[in-house]
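This report describes a single protein chain for a reader who is new to structural analysis. Please keep the sequence and the model in view while reading.

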Amino acid sequence: QAFMILCDWLLILSHQDSNNNEEAVGLLDYLPSTSLQEKLLLFVQEHVFVEKKEGSKEEEGKEESCRLDGLHNKRRLLAAYCKLIVYNVVEMAAAAEIYKHYVKSYNDFGDIIKEMLSKMRHNNRIQSAKTLILCLQQLFQAHMESQGSSSSVDFSSASFTNMKELARRFSLTFGWDQVKSRESVAMIHKEGIEFAFQGATGVDGKCLPPNLSFLLLIIEFSNKLLKPDKR
């Protein structure tokens with residue numbers, strides 16, 4: 001309840017007209033600091049995107065009886081936090097952390113996450129697209145770190161397969177109007193290619209750039225590119 005009240009309060013403060021309200025000028029200092037934004041995100045991660053624990057049949061029966069109530073509460077928490085992102089109360093980059101759960105929790109929260117993506121794209125197409133590529137980059141880096149010292153990428157692993165599926169879902173959200181999404185899709189390819197070739201400077205040709213396989217994720221967007229942009 002405190003989290004819901006805080007989200008509502010921050011949303012109200014962000015819509016205060018400080019030009020005509022002297023009290024609002026003083027209240028602007030209460031907009032979320034970096035520390036508070038981190039705590040808000042942590043709360044969502046711990047209370048919304050929680051793994052289900054396996055228990056006995058009796059416990060499972062009890063859990064099932066209150067599952068819908070629990071899911072409804074989680075959806076309320078997530079929707080309240082997503083509003084803060086949509087209305088620029090918290091940094092848009094926070095959306096990348098939410099997008100990471102899009103595929104895994106699609107049945108429970110897919111509609112909320114997709115609606116947030118749609119509204120963010122309506123507000124700022126380029127910045128919205130940057131959050132998509134940021135999400136994929138962070139997941140890819142985590143995947144590479146989990147590989148340890150291995151230089152080869154396991155393309156059949158669950159984490160890489162999930163990244164490919166997430167990239168495919170992101171691509172579908174652009175629809176079929178290639179002209180409308182031209183700048184966003186081109187930017188995703190540009191940023192993705194630059195990321196894929198990080199560390200290539202000075203390479204003597206004997207080893208590949210460490211992020212090269214990131215191109216396998218970016219290719220999911222390539223059918224949205226216009227012919228002039230492909231070159």
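Ser184 is located in helix α10, which spans residues 182-196. Helices here are DSSP runs of H or I with at least four residues, strands are runs of E with at least two, and both are numbered from the N terminus. With a relative accessible area of 2%, Ser184 is buried. The term buried means under 20% relative accessible area, exposed means over 50%, and partly exposed lies in between, for a 1.4 Å probe and protein chains only. Apart from neighbours within four places in sequence, Ser184 is in contact (heavy atoms within 4.5 Å) with Arg125, Ile126, Ala129 and Phe174.

## Basis of the model

The model is predicted, so local features need pLDDT of at least 70 and side-chain atom pairs count only at pLDDT 80 or more, while totals for chains, interfaces and linings use all residues. Residues are numbered from 1 along each chain as its sequence is written, and side-chain values use heavy atoms, with hydrogens and water left out.

## The chain as a whole

The protein chain contains 12 helices and zero strands. Of its 231 residues, 35% are buried. Among contacts between residues at least 6 apart in sequence, 70% join residues at least 24 apart.

## The pairing of helices α8 and α9

How do helix α8 and helix α9 cross? The axes of α8 (residues 125-146) and α9 (residues 158-172) come within 10 Å and cross at roughly 175 degrees. That makes α8 roughly antiparallel to α9. Axes are lines fitted to C-alpha atoms, for helices over the stretch in contact, and angles run from 0 to 180 degrees between N-to-C directions. Angles under 35 degrees count as roughly parallel, over 145 as roughly antiparallel, 65 to 115 as roughly perpendicular, and the rest as oblique.

On the α8 side, the contact involves Leu132, Cys135, Leu136, Leu139, Phe140 and His143; on the α9 side, it involves Ser159, Phe160, Met163, Leu166, Ala167 and Phe170. The residues of this contact comprise 10 nonpolar, two polar and no charged. In this classification, Ala, Val, Leu, Ile, Met, Phe, Trp, Tyr, Cys and Pro are nonpolar, Asp, Glu, Lys and Arg are charged, and the others, Gly among them, are polar.

## Two further buried residues

Arg121 lies in helix α7 (residues 106-123). Arg121 is buried yet has no salt bridge, and the nearest side chain of opposite charge, Glu115, is 11 Å away. For charge, Lys and Arg count as positive and Asp and Glu as negative, whereas His and the chain ends are not counted. Leaving aside neighbours within four places in sequence, Arg121 is in contact with Ser128, Leu132, Thr173 and Phe174.

Gln137 belongs to helix α8 and, at 13% relative accessibility, counts as buried. Beyond neighbours within four places in sequence, Gln137 is in contact with Glu191, Phe195 and Phe214. Gln137 and Phe214 are 77 residues apart along the chain, and their C-alpha atoms are separated by 8.0 Å.

## Salt bridges

Side chains of opposite charge can pair when their charged atoms come close. A salt bridge is a side-chain nitrogen of Lys or Arg within 4 Å of a carboxyl oxygen of Asp or Glu. A search of the whole structure finds eight salt bridges. One of them joins Arg75 and Asp111, with the closest N and O atoms 2.8 Å apart. This pair links distant parts of the chain, since Arg75 is in helix α5 (residues 67-86) and Asp111 in helix α7, 36 residues apart. Arg75 is partly exposed at 26% relative accessible area, and Asp111 is partly exposed at 44%.

Asp229 and Arg182 also meet in a salt bridge, at 2.8 Å from N to O. Asp229 lies in helix α12 (residues 227-230) and Arg182 in helix α10, so the pair ties together parts that are 47 residues apart in sequence. Lys190 forms a salt bridge with Glu194, their closest N and O atoms being 3.0 Å apart. Because Lys190 and Glu194 are four residues apart in helix α10, about one helical turn separates them.

## A positive phi in a loop

Most residues other than glycine have a negative phi. Asn88, a residue other than glycine, has a positive phi near 60 degrees. Asn88 is in the loop between α5 and α6 (94-99) and is exposed, with a relative accessible area of 54%.
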